[in-house]
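Welcome, and thanks for taking a look at this one. Here is a short briefing to read alongside the model.

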Amino acid sequence: MELKPYQQQVLNDVDTYFEYLEKTNDIADSFNQFWQDKYGEEILFQANGIEAYKNTITNVPHLCVKVPTAGGKTFIAANALHVIFSHYDIDKPKAVVWLVPSITILEQTIRNLSDVKHPYRQKLNAHFGSKVEVYKKEDLLQGAGFDPISVKDQLNIFVLSFDSLRTKNKEGRKFYQENGALASFAQLLLDKDNILEGTDETALINVIRQLNPVVVVDESHNAESALSVEMLKNLNPSFIFDLTATPRKNSNIISYVDALALKKENMVKLPVIVYNHKSRTEVIESAINLQRKLEADAKAEEAEGGRYIRPIVLFQAQPKTNDDNTTFEKIKKLLLELQIPEAQIKIKTANINEIKGIDLMSRDCEVRYIITVDALKEGWDCPFAYILASLADKSSAVSVEQILGRILRQPHVMRHKYPLLNMSFVLTASAKFLETLDNIVAGLNRAGFSAKDYKVADNEQEITDAPEQAKGQPLELLLMQSRQDTPHTGAKDEEQDIEIEVDTKSIHLVSPETIKPNANKIDDTIDIITAQAVTADREMESQVQQAVENPTESIPSILKDIVKTYPIKEIFREDANGLILPQFTVKAPLSGIFGDVESITFHKDMLLKNFKLSQADSMIDFDNLDSEIYQVDVVATGKENSRAEFRKVAASFKEPLMEYIVAQPKDVQRERLTARMMQLIGNMYPISDAEVKGYLRRVFDSFDAERSTDMLRNELSYRDKIREKVRLLTEEYAEKQFQNQLDTDKIGLNQHFKLKPQISPSQLAPAITKSLYEREGHMNDFEQRVINEVANLENIAFWHRNIEKKGFYLNGFINHYPDFIVLTKSGKMVVIETKGDHLDNDDSRKKLSLGQAWANKAGDRYKYFMVFNTNPIAGARSQDDFLKILREM
């Protein structure tokens, strides 16, 4: 399982924060600077914007990621550990306390992280060389496979519930008590000044404190109390990573994921279709008939080569009291009276769990109806759940916010051919439908979807007095209500409603055998629901397609109202909309039997497919090294605890181990140095580990004892030298391959990049005439001088300041983002890269080579210029010469 683009962006955001932190050595400033550089300082410290960093756990970086339900929070966290530890000193133990809010999630997390066949564990093994151990609370307390030696050599994940660390209960207190099974830690690792006050040095809490762990907090909105903060502080963390769909006020959100990103990747069943009925009798009838309609579509899709799906209804009951189980049994009895097979019906409440141990996704499972209240909360997961049918009393607003998220996950993470299989449904019977609407919106909020994304359907069942904020927004929530008015229900009727008095004789169920796929006529209610649902699905898919074809900057919906964006000027809009800039492409085979091909965007990694690093030049000059590098260091902050500090430190290796390695025979020494450097150097994708190892062995073959000793004392500087050498080797190889493939037409050029309708530069340039957008991004003094001269030429239509890593790029053997895009009145597209005279280095030569190759391949309409102030490199132009040429275009 690979990361989705939005998941990768989360990891990029976390990595970028660490880069800021290593530069500034200030946790709060790094957070604030991250957001300011991304969207501008106006989003900081204001209502609905990015609030100032909250230093809840003093001097410990504490970040939060907002990911909606079904967005893959656990998979993100598993991959994030590699990013986080890549910024730590390699010799520090890799310990992770993974906190979860419930027993259900605890069991699920332990099972998935421990299973070597599960994608989560496979990613961890890939990132940490299969040296991963997952511990339960019992393992830790008993010291089972948990000792000071193994801890130093592997990634250690301690999966614990919040309650297990709280001293208010007996189980929690065990963490703070003397523990002879952990005495070896006290002998080998313990820093006497770092013992939690009032606890024994052998207590598990002190062992964890010594390891200075990374703490992952799953569903972190459950850990905001003062007690929870104290619990986190007691762990002596080096870094805290929160994951939640609904961040609380104390969260330092470093990355947002929006609903459209999930829909685009087929992670969720959206839109949510809501239909309010006149009675609960109608709710039951619609739920069963709609389930049969969905199952008919699912069977038809499978017959046409699709995946197996068995849609499930969640009946949400409302008992008279918390301990009353008669309501659940009555609903089950009603379903049995309607000839629903008993094997298809299960009850899941706080006290009854008939689905325990059942694989609801299995083809052998018969379950189609689950009766619950709100027991299916966080942690329960079944993508086959499509319909939430509320049987709460009619005079109340329906409370679905606790479990609405359970029906949102998309089966098989793919778009299905039959549109009803791509959305979810809520069926209610409430006289207080607007209050019910509020609860449904709250349920979507709880699942991480913004209220700004909802809209009321414009049809003959429209809710005319829907909340104002729900109107005119992207269609993720479609609301419909039965046309007939619902009569007032008094107290006596309320009591009857609570007792689920349903007239089964009036329920008309459609036989499953009579339902045809894509049928338009089933019964009146289902026909209305499905017709409106298909229309809503079509509109939402149109939104997704527009986002794909016309990508705008990924501004989270919660920030869109305050992030300043600047559209294309009206005078240039028609010309700009017709412009599509060419980028390099390659041909790739389409799936199928006809041998068809398609053009896909070229990526520089494609050039290294046959690169043999193990056979490349291994001569590296290690004589001039910088022995300092930014890394994480743990420093004492007093008796209470220590913390991770990001500063420049000299890397040194423990003397006894260094002497041991140097004393080994040559071949053993080489293998140990290679293993050590493999840990330090990390993933060098797309170069395989085998190729990297082969190269390192050749590098270390020439090392004598003195050189080996020096490397072990300054290993991080040696690592950087090796990385730089590999970078130069790969770029040299890639450049040659790129030219060869251009010459043989294996790499082509196609119209691909469309200018965005609006931009949001983090810093603005001075207003200069003929800019394409209402405002353009920041420029240095030389860039301003050049573009000011360009803009004042008579033959220039407009210009645009291309934004690094967000705008147009030449995708060759390097990715090159030129500084400016200019359109002349004659229709010439001119791409410009400016260089101060002090920047005439190899980087300039590579960019110029790529730019000229692009222009030559693109044709006469497209030009590329590299512009220096006065002393251009070969092939580039001085500013004066360039302006003379441009004036004639």
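Which residues point one way from S9, and which the other way? Ile312, Leu314 and Gln316 point one way from S9, while Val313 and Phe315 point the other way, and all are buried. Buried here means under 20% relative accessible area, with exposed over 50% and partly exposed in between (1.4 Å probe, protein chains only).

This is a predicted model, in which local features need pLDDT of at least 70 and side-chain atom pairs count only at pLDDT 80 or more, while totals for chains, interfaces and linings use all residues. Residues are numbered from 1 along each chain as its sequence is written, and side-chain values use heavy atoms, with hydrogens and water left out.

**The chain overall**

- The protein chain holds 26 helices and 28 strands; these are DSSP runs numbered from the N terminus (helices are H or I, at least four residues; strands are E, at least two).
- Of the 889 residues in the protein chain, 54% are buried.
- Among contacts in the protein chain with a separation of 6 or more, 72% come from residues 24 or more positions apart; contact means heavy atoms within 4.5 Å.

**Strand S9 and its partners**

- Five of the five residues of S9 (residues 312–316) are buried, so this strand is largely enclosed by the rest of the structure.
- S9 runs parallel to strand S12 (residues 385–390), joined by five bridges, and Leu314 stands opposite Leu388 in S12. Two strands pair if DSSP finds at least two bridges between them.
- S9 also pairs with strand S11 (residues 369–372) in the parallel sense, over four bridges; here Val313 stands opposite Tyr369.

- An open sheet of seven strands has the order S3-S4-S2-S5-S6-S1-S7, with parallel pairing.
- Its edge strands are S3 (132–135) and S7 (253–256), each of which pairs on one side only.
- On average, neighbouring strands of this sheet are turned by 20° against each other, direction ignored.
- Strands S2 (residues 94–100) and S4 (residues 155–161) pair in the parallel sense over seven bridges, and Ala95 stands opposite Asn156 in S4.
- H5 packs on the sheet and touches S3 and S4, its direction making about 135° with that of S3. Axes are lines fitted to C-alpha atoms, for helices over the stretch in contact, and angles run from 0 to 180 degrees between N-to-C directions.

**Helices H3 and H5**

- H3 (residues 73–85) and H5 (residues 119–127) pack at an angle of about 5°, with their axes 9 Å apart. That makes H3 roughly parallel to H5, a label for angles under 35 degrees.
- Thr74, Phe75, Ala78, Asn79, Leu81 and His82 in H3 meet Pro119, Tyr120, Lys123, Leu124 and His127 in H5.

- Five strands form an open sheet of mixed pairing, in the order S22-S25-S26-S27-S28.
- S22 (796–801) and S28 (877–878) are the edge strands, each pairing on one side only.
- S26 (residues 829–835) and S27 (residues 862–868) pair in the parallel sense over seven bridges, and the bridge partner of Val831 in S27 is Tyr864.
- H25 packs on the sheet, touching S26 and S27, and its direction makes about 160° with that of S27.
- The buried residues of H25 (residues 842–858) include Leu848, Leu850, Trp854 and also Lys846 and Lys847.
- H25 is followed by Gly859, whose phi is positive, near 110°.

Note on methods:
Angles under 35 degrees count as roughly parallel, over 145 as roughly antiparallel, 65 to 115 as roughly perpendicular and the rest as oblique. The expected span of a helix is 1.5 Å times one less than its number of residues.
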